[in-house]
Amino acid sequence: MEHLAIMKKGYIEKILSGEKKIESRFSMNKITPFHAISAGDKVYMQEVGKEVTATFEVERVLFFDNLSENKIEELRTEYGKDICAEETFWGLKKHSKYATLIYIKNPVKITPFKINKSDRSAFKTVNSVKDDLVITKRTIIKHPHDCENGKHYFVFDGNTHCQFCGAEFLHSATMKQKPDYQTIKGIIKHSMWNDEWLNVELDNVAKNKLPKIKRANIRSILNKSIRVCQPNDGRQTPYYGNPVFYAQHGLGCCCRKCLEKFYAIPKNAVLSDEELDYFTDLIEAYLKEKV
Ligand SMILES: [Zn+2]
Ligand SMILES: [Zn+2]
């Protein structure tokens, strides 16, 4: 396994200089790295809010459970010098129940890279840090169109038509009736940009997230991004890291401009619960197809 350790300022330097010989993780609950790390594993280190800048190998690991304040004092006496932590650290950790002590081998600086991590966990265990936590970006063409073959780039200025050939979007009446996912897919084929998003392969981070997404997650993303028109409308839905974003771009529910263009919902209207449910259904259908 590989691991990503989020480090407080200054500790990566202490590890690289050899002053800090043990990386320790204390927790109230049985969470990684407790019994999730072993000798030979690789740990990537990232200072809070920065890029990954260094790694080390795991020489060996010690696990402790059923901890008490006294036991933690004993650990501090025995390993404190090599853990090299500040007084405040021990104060914060004195009620912990679990501890993992990781002996550091061959710490080195690496070419920095950025992680795509959406949660706040301070330690993550994955098969591969680079494959599972770093996004592989694709080339996104801005206004794709192939008008001769019936694939347009639609814009809205009172009515919906192709920016390049002027062809009218002929499905507004059907779209207004909020048809099911398969019907939408058939219609959206005429909009090259959206069709690409529906069919493109997910990035690795989005792929990993796919099986874990619940209806409530979709609903909450929609609630934040399109329930009311955002000040940054058109830019609020990212392109990477979550299959819900792909579905939103594909189905034209990424921003209020697109809702107006394809579903004839005025930009200033607040979406009703029924409307949010409807778009949640569509996205759910997309996710089911991708799993
Ligand atoms: Zn066209
Ligand atoms: Zn949009």
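The C-alpha centres of domain 1 and domain 2 lie 41 Å apart in this predicted model, where domain 1 covers residues 2-133 and domain 2 covers residues 147-290 of the protein chain; these bounds come from an automatic or database domain assignment. The contact between the two domains takes 6 residues from domain 1 and 5 residues from domain 2, contact meaning heavy atoms within 4.5 Å. Between them the domains bury about 350 Å², 34% of it on carbon and sulfur atoms, buried area being the accessible area (1.4 Å probe) that two parts lose on being put together, summed over both. On the side of domain 1, Asn-116, Asp-131 and Asp-132 supply 76% of the area buried against domain 2, more than any other three residues.

The local features need pLDDT of at least 70 and side-chain atom pairs count only at pLDDT 80 or more, while totals for chains, interfaces and linings use all residues. Residues are numbered from 1 along each chain as its sequence is written, and side-chain values use heavy atoms, with hydrogens and water left out.

Helix α9 (residues 215-226) packs with helix α10 (residues 243-251) at an angle of about 55 degrees, their axes being 11 Å apart; helices (H or I, at least four residues) and strands (E, at least two) are DSSP runs, numbered from the N terminus. Axes are lines fitted to C-alpha atoms, for helices over the stretch in contact, and angles run from 0 to 180 degrees between N-to-C directions. This angle makes α9 oblique to α10, since angles under 35 degrees count as roughly parallel, over 145 as roughly antiparallel, 65 to 115 as roughly perpendicular and the rest as oblique. Ile-218, Ile-221, Leu-222 and Ser-225 of α9 make the contact with Val-244, Phe-245 and Gln-248 of α10.

With helix α12 (residues 273-290), α9 packs at an angle of about 125 degrees, the axes lying 9 Å apart, and the two helices are therefore oblique to each other. The residues that make this contact include Arg-215, Ile-218, Arg-219 and Leu-222 of α9, and Asp-273, Leu-276, Phe-279 and Leu-287 of α12.

Turning to the backbone, a cis peptide bond joins Thr-32 and Pro-33, with omega about 15 degrees, and Pro-33 lies in the loop between β2 (22-27) and β3 (42-47). His-35 also has its place in the loop between β2 and β3, and its phi is near 55 degrees, a positive value in a residue other than glycine.

Conventions. Chains lettered and ligands numbered in written order.
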